[in-house]
Amino acid sequence: MKKYLKYTPYYLVIFFFYWPLYELFSLLITDPYTLKGLYIYNIILFSPLVTFIVSLLYSYRFRFSLWWLIGNGLLFCFTIITFGEFILIYLLIYETLALAGMASGIGIKHILQK
């Protein structure tokens, strides 16, 4: 069990940007136009950036992992709760960014260990 607990913070950060952040936005902001703008910023900018950075840190600390990519894909399913639909193009973009982040993390680790 301890083996899996070390991966939990990485998954929690990704999970936060896929669902609870939307709930936090809706609790704090009552203006529908501002709320819609924040949703769009999260979909287009914040979530992909966080996915890339967390994947980079994950692969730097651990290694390249297919389970990380699968876990990100499964966590993306929580957007169904928020939007009521599953948007395949965003899943593909986020998975591509996670893959690029993991490749960057491995590259950085390889360069720094030389």
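Colleague: OK, what secondary structure does the chain have?
Modeller: Seven helices and zero strands. Read from the N terminus, the order is α-α-α-α-α-α-α. Keep in mind that this is a predicted model.

Colleague: What box do the C-alpha atoms fill?
Modeller: Roughly 50 × 30 × 25 Å, taken along the principal axes.

Colleague: And how much of the chain is buried?
Modeller: Of the 114 residues, 33% are buried. The accessible surface is about 7,400 Å², and carbon and sulfur atoms own 74% of that.

Colleague: What share of the contacts comes from residues 24 or more positions apart?
Modeller: 74%, counting contacts in the chain with a separation of 6 or more.

Colleague: Switching to charges. How many positive and negative side chains are there?
Modeller: There are 8 positive and 4 negative ones. The centres of those two sets sit 27 Å apart.

Colleague: Let's talk helix packing. How do α2 and α3 cross?
Modeller: Helix α2 covers residues 8-18 and helix α3 covers residues 20-28. Their axes come within 4 Å and cross at roughly 45°. So α2 is oblique to α3.

Colleague: Which residues make that contact?
Modeller: From α2, F15, F16, F17 and Y18. On the α3 side, P20, L21, Y22 and L24.

Colleague: What about P9, where is that?
Modeller: P9 is in helix α2 too. P9 has a relative accessible area of 47%, so the residue counts as partly exposed.

Colleague: New topic: N72. Buried or exposed?
Modeller: N72 is buried, because the relative accessible area is 1% and the cut-off for buried is under 20%. N72 belongs to helix α5, residues 66-76.

Colleague: Which residues does N72 touch?
Modeller: Setting aside neighbours within four places in sequence, N72 is in contact with Y11, I14, Y18, T51, S55, E95 and A98.

Colleague: T51 is in that list. Which helix holds T51?
Modeller: Helix α4, which spans residues 32-61. T51 is at 0% relative accessibility, so T51 counts as buried.

Colleague: And what are the contacts of T51?
Modeller: I14, Y18, N72, Y94 and A98, if you skip residues up to four places away in sequence. I14, Y18 and A98 also turn up among the contacts of N72.

Colleague: How far is T51 from I80?
Modeller: The C-alpha atoms are 18 Å apart, and the two residues are 29 apart in sequence.

Colleague: Where does I80 sit, then?
Modeller: I80 is in helix α6, residues 79-83. With a relative accessible area of 37%, I80 is partly exposed.

Colleague: Why does 37% make I80 partly exposed?
Modeller: Because buried means under 20% and exposed means over 50%, with partly exposed in between. I80 has 37%.

Colleague: What does I80 contact?
Modeller: E85 and F86, leaving aside neighbours within four places in sequence.

Colleague: One more. How far apart are the C-alpha atoms of I80 and Y18?
Modeller: They are separated by 9.5 Å, and the residues are 62 apart along the chain. Y18 is also one of the α2 residues in the contact with α3.

Conventions. Residues are numbered from 1 along each chain as its sequence is written. This is a predicted model: local features need pLDDT of at least 70, side-chain atom pairs count only at pLDDT 80 or more; totals for chains, interfaces and linings use all residues. Side-chain values use heavy atoms; hydrogens and water are left out. Helices (H or I, at least four residues) and strands (E, at least two) are DSSP runs, numbered from the N terminus. Buried means under 20% relative accessible area, exposed over 50%, partly exposed in between (1.4 Å probe, protein chains only). Contact means heavy atoms within 4.5 Å. Accessible areas come from the Shrake-Rupley method with a 1.4 Å probe; for residues, only the protein chains shown count as cover. Lys and Arg count as positive and Asp and Glu as negative; His and the chain ends are not counted. The place of a charge is taken as NZ of Lys, CZ of Arg, CG of Asp or CD of Glu. Axes are lines fitted to C-alpha atoms, for helices over the stretch in contact, and angles run from 0 to 180 degrees between N-to-C directions. Angles under 35 degrees count as roughly parallel, over 145 as roughly antiparallel, 65 to 115 as roughly perpendicular and the rest as oblique.
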